[in-house]
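Hello,

Here is the structure I promised to pass on to you. Have a look at it first, and then read on for what I found in it.

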Amino acid sequence: MIYTKELSEEKLHRKLCQYLKGYYPSVYFISDPSGIRLGQSNWKVKSLLKSTSSNHKHLDIHILEPSKEFIGLIIECKLETPFKNNGELKSGEHLEMQKLIMDALESKGYRCSFVWDFNQGIALFENYLENPVIDNTPLF
């Protein structure tokens, strides 16, 4: 499955979640809605999301499925690569805070990754979760 059309962060996030639901239906994952852009009329939803979340920068997709090496996979969707040509992280407070959270989670046994391309996300899922299986096995 190859997609060449560029996606916004929100669309990429949604497409990756749809892929997980379709190709890994028995994998439990959480999609953090705090990055979704809400208009001013949705201040109640914004307030609820903020009041029921930790004080950390939130990452987009949390796969609560252990692998042989990690206890879970956490993904942060980006519009473009967050890295410079030399491999260093681009500057920006928000990006730097996300990377600090990722480093802290990795030190606890999680696999964390930035994803800015749908095919890259699919490859990450397939590498982490192994081969996709389309089945209807319920979680419980």
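Starting at the N terminus, the elements of the protein chain follow the order α-β-α-β-β-α-β-α, which comes to 4 helices and 4 strands. Please keep in mind that this is a predicted model. Of the 140 residues in the protein chain, 26% are buried. If you take the contacts between residues at least 6 apart in sequence, 67% of them join residues at least 24 apart.

Let me begin with helix H1, which covers residues 9-23. H1 has 15 residues, and from its first C-alpha to its last it reaches 21 Å, close to the 21 Å expected at 1.5 Å a residue. Its buried residues are Leu12, His13, Leu16, Cys17, Tyr19 and Leu20. Seen down the axis of H1, these buried residues fall within an arc of 155 degrees, so they line one face of the helix. What do the buried residues of H1 pack against? Their partners are strand E1 (29-31), strand E2 (61-63), strand E3 (72-77), strand E4 (110-115) and helix H4 (118-129).

The pairing of H1 with H4 deserves a paragraph of its own. Two packed helices are described by the angle between their axes and by the distance between those axes. For H1 and H4, the angle is about 35 degrees and the axes are 10 Å apart. The crossing in which H1 passes H4 is right-handed. On the H1 side, the residues that meet H4 are Leu12, Lys15, Leu16, Tyr19 and Leu20. On the H4 side, they are Phe118, Gly121, Ile122, Phe125, Glu126 and Leu129. Sorted by class, this contact has 8 nonpolar, 1 polar and 2 charged residues.

Now to H4 itself. This helix has 12 residues and reaches 16 Å from first C-alpha to last, close to the 16 Å expected at 1.5 Å a residue. Buried in H4 are Phe118, Gly121, Ile122, Leu124, Phe125, Tyr128 and Leu129. They cover an arc of only 160 degrees around the axis, which puts them on the same side of H4. The cover over these buried residues includes H1, E2, E3 and E4.

Helix H3 spans residues 93-107. With 15 residues, H3 reaches 21 Å between its first and last C-alpha, close to the 21 Å expected at 1.5 Å a residue. Which residues of H3 are buried? They are Leu95, Gln98, Ile101 and Met102. Around the axis they cover an arc of only 125 degrees, which puts them on the same side of H3. On the other side of H3, you will find Glu93, Leu100 and Ser107 exposed. E3 and E4 are included in what covers the buried residues of H3. After H3 comes glycine 109, whose phi is positive, near 110 degrees.

One loop residue is also worth a look on your screen. Aspartate 32 sits in the loop between E1 and helix H2 (43-51). Is aspartate 32 buried or exposed? Its relative accessibility is 12%, so aspartate 32 counts as buried, the cut-off being under 20%. Leaving aside residues up to four places away in sequence, aspartate 32 touches His13, His58, Leu59 and Asp60. One of these, His13, is among the buried residues of H1.

Enjoy exploring the model, and do write back with any questions.

Best wishes

Conventions
Residues numbered from 1 in each chain as written. Predicted model: local features only at pLDDT ≥ 70, side-chain atom pairs only at ≥ 80, totals over all residues. Heavy atoms only, no water. Helix = DSSP H or I, 4+ residues; strand = E, 2+ residues; numbered from the N terminus. Expected span 1.5 Å × (residues − 1). Buried < 20%, exposed > 50% of the residue type's maximum accessible area, 1.4 Å probe, protein only. Arc of directions from axis to C-beta. Contact = heavy atoms within 4.5 Å. Axes fitted to C-alpha atoms, helices over the stretch in contact; angles between N-to-C directions. Left-handed = near helix turned anticlockwise from the far one by under 90°. Nonpolar A, V, L, I, M, F, W, Y, C, P; charged D, E, K, R; others polar.
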